[in-house]
Amino acid sequence: MRRLWGRLSSVNVQKAVWGLEELGLPYERVEAGGAFGRVRDPDYRALNPNSLVPVLEEDGFVLWESNAILRYLARSHDLGGLWPDHPQAAALVDQWLDWQATRFTPATRDAFWQTVRTPPEQRDQSVIDRSVAASEECAAILDAHLMGRPYAVGDHFTAADIALAAAAHRWLHLDVPRIERPALRAWYDRIRTRPAAAVALPPLS
């Protein structure tokens, strides 16, 4: 039995769904978080005391934190593929997973909430502007890294591409002015055609 808790509008749930779909693993997804609630119910907090999504259940094993879930799935089911078996390549995947979680997604958060989930009359343009500026710094870093590279790490698709593309999906679809980043855009457009991405990356909501 494999169950994933979380709504697909969450960028963190998207990463876990993409990993499961990429690996062809059977799973049940249970809506939770946001309008679906559930995350503060005692039975859910017994799974994740942080009251956040996603949570993975697998035959009695419980794991929370989206990148931890992504690492677990890749290491368990595709060592040498989604998760490199060379220590330095694996360390680089870890590096980009941490950067996505601590820099890129936090940078986009306020612009996302203000432009997607906040009514127009309640939006604060100064908050949006600060978030866009921080996001542009991250986009510039990723764009420079991807120049001349087909994937984030090495010459094949890894878990780093999943985490980064989920964050890029949010950034590239916000209704804000952006500096064009050709390498980032070309990489995203190529990654976006993967069948698993079609499942994992819905329109922003």
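Author: Starting with the histidine, the backbone oxygen of Pro202 is 2.9 Å from a polar atom of the His169 side chain. This is a predicted model, in which local features need pLDDT of at least 70, side-chain atom pairs count only at pLDDT 80 or more, and totals for chains, interfaces and linings use all residues. Residues are numbered from 1 along each chain as its sequence is written, and side-chain values use heavy atoms, with hydrogens and water left out.

Reader: Is His169 buried or exposed?

Author: His169 sits in helix H6 (residues 159-172); helices (H or I, at least four residues) and strands (E, at least two) are DSSP runs, numbered from the N terminus. Buried means under 20% relative accessible area, exposed over 50%, and partly exposed in between (1.4 Å probe, protein chains only). With a relative accessible area of 3%, His169 is buried.

Reader: With which side chain does the side chain of His169 make a polar contact?

Author: A polar contact is a pair of N or O atoms within 3.5 Å; within protein, one must be able to donate a hydrogen and the other to accept it, and residues adjacent in sequence count only if both atoms are side-chain atoms. At 2.7 Å, the partner side chain of His169 is that of Tyr188.

Reader: How many salt bridges does a search of the whole structure find?

Author: A salt bridge is a side-chain nitrogen of Lys or Arg within 4 Å of a carboxyl oxygen of Asp or Glu. Side chains of opposite charge can pair when their charged atoms come close. For the whole structure, the number of salt bridges found is eleven.

Reader: How far apart in sequence are the parts that Glu28 and Arg3 tie together?

Author: Glu28 and Arg3 form a salt bridge, with their closest N and O atoms 3.1 Å apart. Glu28 belongs to strand E2 (residues 28-30) and Arg3 to strand E1 (residues 2-5), so the parts tied together are apart in sequence by 25 residues.

Reader: And how far apart in sequence are the parts that Glu22 and Arg194 tie together?

Author: The side chains of Glu22 and Arg194 meet in a salt bridge at 2.5 Å, N to O. Glu22 lies in helix H1 (residues 11-23) and Arg194 in the loop between helix H7 (182-191) and helix H8 (195-200), so the parts tied together are apart in sequence by 172 residues.

Reader: Which residues are linked with Arg71 in a network of salt bridges?

Author: Asp41 and Arg38 meet as a salt bridge at 2.7 Å, N to O. In the network, Arg71 is linked with Arg75, Asp94 and Asp98.
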